Amino acid sequence: MLKRRSNSCGRARDSSNTAPSSTSRDEEVAWEMRPGGMLVQKRGEKSDVPAPNLRLRIAFGALRYEISAASQSTFGELKKVLTAETGLQPGEQRLLFRGKERENGEYLDMCGVKDRSKVILIQDPASIERRADEMRRNAKIQSAHRAISDVSVEVDKLAEQVSAIEKSISNGVKVAEVQITTLIEMLMRQAIKLDNISAEGDAVASKTLQGKRVQKCVESLDVLKISNANVKPVVVTTKWETFEPPPTTPQWEFFD
């Protein structure tokens with residue numbers, strides 16, 4: 001009830017006209033409901049009073065962490081701190097407090113988090129599946145790299161033989177045709193191995209490179225086969241030419 005009083009002129013004046021109304025002050029204050037039904041003044045964006053730090057116990061499976069966080073922090077900010085501890089990205093984390101999963105925008109103190117409170121961290125099931133898929137994919141890529149590397153070693157050896165044959169033919173030395181044919185077959189086997197390798201990522205480029213190397217060697221051998229056919233074989237004989245001994249000169253008898 002508002003009290004009224006008289007002024008010197010005998011006119012009644014409402015006390016609300018002389019002093020700021022408590023109702024108007026209340027309208028300028030924002031209020032919020034705390035857990036348990038307590039109505040408190042809502043804090044502003046900026047406050048001169050620093051928020052107290054809380055020591056929180058984080059349970060992540062069999063692991064236990066103890067971290068410090070401001071009481072006015074959000075659960076989303078808490079997840080960023082836990083990223084450095086657990087290696088899980090904020091999007092992969094789910095935080096439970098008092099049996100309820102908390103949203104990123106919820107404040108710790110507004111949810112009743114106090115010093116030494118326990119918060120449960122679990123990994124999002126969808127992220128677990130994504131990580132498993134990524135691990136399987138990486139393992140597949142590494143396996144492809146190893147298989148391609150083995151083919152590369154074999155192609156190196158075969159390429160050296162191709163160079164040796166090319167050098168012999170260019171020097172006019174005929175090479176056995178079976179040697180060229182066998183080398184082509186060995187290269188084709190490596191080509192089949194490459195075709196059977198399932199490559200992903202950067203392994204595709206390595207596979208393509210080795211395939212081009214095999215193709216180049218086979219094409220070189222096809223050309224060398226033609227050149228080798230035109231090389232005239234060098235005839236080597238084991239018969240030695242014999243020569244007649246020079247005529248012997250008669251020995252003259254000397255007389256005294």
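1. Let me start with Ile165. Setting aside residues up to four places away in sequence, Ile165 touches Val175, Gln179, Ile180, Leu183, Leu221 and Leu224; contact here means heavy atoms within 4.5 Å. Please keep in mind that this is a predicted model, where local features need pLDDT of at least 70, side-chain atom pairs count only at pLDDT 80 or more, and totals for chains, interfaces and linings use all residues. Residues are numbered from 1 along each chain as its sequence is written, and side-chain values use heavy atoms, with hydrogens and water left out.

2. Ile165 also belongs to the largest nonpolar core, which has 24 residues; Ile165, Leu187, Val214 and Leu221 are those with the most contacts inside it. The elements giving two or more residues to this core are helix 3, helix 4 (177-195) and helix 5 (203-229). Helix 3 supplies the largest share, nine residues. Apart from this core lies another, of 18 residues, among them Ile58, Tyr65, Ile67 and Val119. For the terms: a nonpolar core is a set of buried Ala, Val, Leu, Ile, Met, Phe, Trp, Tyr and Cys residues joined through side-chain atoms within 4.5 Å. Buried means under 20% relative accessible area, exposed over 50%, and partly exposed in between (1.4 Å probe, protein chains only). Helices (H or I, at least four residues) and strands (E, at least two) are DSSP runs, numbered from the N terminus. As general background, nonpolar side chains tend to be buried together in soluble globular proteins.

3. Ile120 sits in strand 9 (residues 118-123) and is partly exposed, with a relative accessible area of 37%. Leaving aside neighbours within four places in sequence, Ile120 is in contact with Ala59, Arg94, Leu95 and Leu96.

4. The side chains of Arg94 and Glu101 meet in a salt bridge (3.0 Å, N to O), a term for a side-chain nitrogen of Lys or Arg within 4 Å of a carboxyl oxygen of Asp or Glu. Both ends are partly exposed: Glu101 has a relative accessible area of 34%, and Arg94 has 26%. In total, the structure holds ten salt bridges.

5. Which residues does Arg136 join in a network? Asp133 and Arg136 meet through their side chains in a salt bridge (2.1 Å, N to O). These two are three residues apart in helix 3 (residues 125-170), so about one helical turn separates them. Salt bridges that share partners join Glu129, Asp133 and Arg136 into one network. The Glu129 to Arg136 bridge is at 3.6 Å, N to O. Asp133 counts as partly exposed at 36% relative accessibility, as does Glu129 at 45%.

6. On cysteines, the structure holds zero disulfides, with a disulfide taken as a pair of cysteine sulfur atoms within 2.5 Å. Cys111 is buried, with a relative accessible area of 9%, and Cys217 is buried at 11%.

7. Finally, confidence. The mean pLDDT of the protein is 80, and 71% of its residues reach 70 or more; pLDDT is the predictor's confidence in each residue, from 0 to 100. Over residues 1-27 the pLDDT is below 50, and this stretch has 16 contacts in the model beyond near neighbours in sequence.
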